[in-house]
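This report describes the fold of one protein chain for a reader who is new to structural analysis. Please keep the sequence and the model in view while reading.

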Amino acid sequence: MNPLGYFVMVVWVPIVLYLFSRLPVQRALIVSFLAGWLFLPEASIPLAGIPDINKVSLTCYGILIATALFDFQRFREFRMHWVDAPMLVWCLCPAVSSLTNGLGPYDGFASALAQTVTWGFPYFLGRLYLGSFRGLQQLAIAIVLGGLIYIPLCLFEIRMSPQLHFWLYGFYPQSFDQAIRYGGFRPIVFMQHGLMVGVWMMTATLLAFGFWRIGALAGLLQQFVQGIGDRSQRTTGQTVAPEGLVGPSLGIFLGLLATFVLVKSTGAYFLLALGIVLFLTMRWSRTALPLLLIVGVMCAYLGFASGGGMTPQAMEQISATATQLTTADRAASLTFRLKNEALLSA
């Protein structure tokens with residue numbers, strides 16, 4: 001990493017503190033995570049005794065310090081809930097894995113600490129600030145805004161190849177070979193992998209579709225951007241798009257959709273289609289049952305795979321089916337993932 005990369009990471013915590021001093025705390029948290037995730041370098045700086053410094057941990061440290069300085073009452077108001085149990089298990093399970101595999105308590109503690117910083121801290125901060133309809137709405141519209149910001153960057157790298165991270169920070173975050181897809185390039189921008197960009201653009205496109213269908217996309221985007229400069233905006237409640245913004249809302253969705261298709265991420269294509277079907281089905285039936293069914297299928301698969309159900313015969317059958325539905329290259333990619341899941345299960 002070049003000196004600019006180190007400089008950006010050094011000044012990031014002060015920038016987060018500045019955002020919290022100038023913006024409403026909820027919006028400051030969202031802007032901090034959004035900007036850090038989209039633009040900080042994909043670097044990891046090792047430090048003795050604590051997890052490596054990266055864009056996620058650095059942003060979390062900055063927000064925790066900012067909350068302690070500007071909004072300490074938020075810590076006092078936090079209460080654990082049963083819904084937090086899965087995240088607690090997720091943060092502690094590396095310690096159990098280390099101990100049961102004979103790696104010792106130090107490895108278990110270090111692994112659990114790294115897991116907590118990577119996943120537990122962002123979750124905890126989300127529970128502090130975004131545990132309401134208003135908070136989730138603000139996060140969702142910020143993700144759409146992040147997708148819009150990434151459109152020109154993605155289009156540039158689709159045409160010119162993934163170069164932005166290298167030009168700005170002096171290194172490629174992944175092997176360049178993995179950016180070549182379908183006779184062109186899959187953008188990386190400032191993320192770890194093209195797959196990550198694909199999922200990011202998929203999420204922004206799906207949310208834009210949902211907001212467009214309820215007629216609130218352009219209005220919420222306008223309100224969020226204007227609210228960044230207004231510290232007094234601390235109201236709650238649902239916002240409806242101002243009259244006359246339906247056209248821009250459709251244009252925003254179509255722009256994200258076109259860019260997402262060009263990103264060339266096959267798995268994300270499937271996720272977007274599934275998300276749209278779920279959204280329309282739940283809106284038509286006025287029930288969350290389809291979503292609960294998907295969650296049930298995911299849990300059943302986790303139990304099946306972690307229990308040793310992903311045998312070589314099962315993988316061969318899945319690979320053959322995938323080859324018929326897509327291409328041999330995509331089927332091989334799926335098989336590679338299944339083999340790694342079998343190793344993880346063992």
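## Basis of the description

The model is predicted, so local features need pLDDT of at least 70 and side-chain atom pairs count only at pLDDT 80 or more, while totals for chains, interfaces and linings use all residues. Residues are numbered from 1 along each chain as its sequence is written, and side-chain values use heavy atoms, with hydrogens and water left out.

## The whole chain

The protein chain contains 15 helices and four strands. Helices (H or I, at least four residues) and strands (E, at least two) are DSSP runs, numbered from the N terminus. Along its principal axes, the C-alpha trace spans about 60 × 50 × 45 Å. For 346 residues, a compact globule would have a radius of gyration near 20 Å, and the 21 Å of the protein chain agrees with this. The radius is taken over C-alpha atoms, and the globule rule is 2.2 Å times the number of residues to the power 0.38.

Of the 346 residues, 40% count as buried. Buried means under 20% relative accessible area, exposed over 50%, and partly exposed in between (1.4 Å probe, protein chains only). Among contacts (heavy atoms within 4.5 Å) between residues at least 6 apart in sequence, 71% join residues at least 24 apart.

Helix 1 covers residues 3-22 and reaches 28 Å from its first C-alpha to its last, close to the 28 Å expected. The expected span is 1.5 Å times one less than the number of residues. Helix 1 has a kink of about 40° at Trp12, shortly before the proline Pro14. This bend is the angle between axes fitted to the seven residues ending there and the seven starting there. Trp12 is also one of the buried residues of helix 1, which include Gly5, Val8 and Phe20. Among the elements that cover these buried residues are helix 2 (25-39), helix 3 (55-70) and helix 6 (105-129).

Helix 9 (residues 194-213) has 20 residues and should span 28 Å; its end C-alpha atoms are 28 Å apart, which agrees. Its buried residues include Gly194, Trp200, Met201 and Phe211. Helix 9 is followed by Gly215, whose phi is positive, near 75°.

## The nonpolar core

In soluble globular proteins, nonpolar side chains tend to be buried together. A nonpolar core is a set of buried Ala, Val, Leu, Ile, Met, Phe, Trp, Tyr and Cys residues joined through side-chain atoms within 4.5 Å. The largest one here has 64 residues, and those with the most contacts inside it include Phe20, Tyr150, Trp200 and Met201. Helix 7 (residues 133-160) gives the largest share of this core, nine residues.

Not counting residues up to four places away in sequence, Trp200 touches residues that include Leu34, Trp37, Ile143 and Tyr150.

Thr67 is found in helix 3 and is buried, with a relative accessible area of 0%. Leaving aside residues up to four places away in sequence, Thr67 touches Phe20, Phe72, Arg74, Phe75 and Tyr129.

Most residues other than glycine have a negative phi. Lys264, however, has a positive phi, near 65°, and lies in the loop between helix 11 (246-263) and helix 12 (266-285). Arg286 also has a positive phi, near 55°, and its place is in the loop between helix 12 and helix 13 (289-306). At 12% relative accessibility, Lys264 counts as buried, whereas Arg286 is exposed at 78%.
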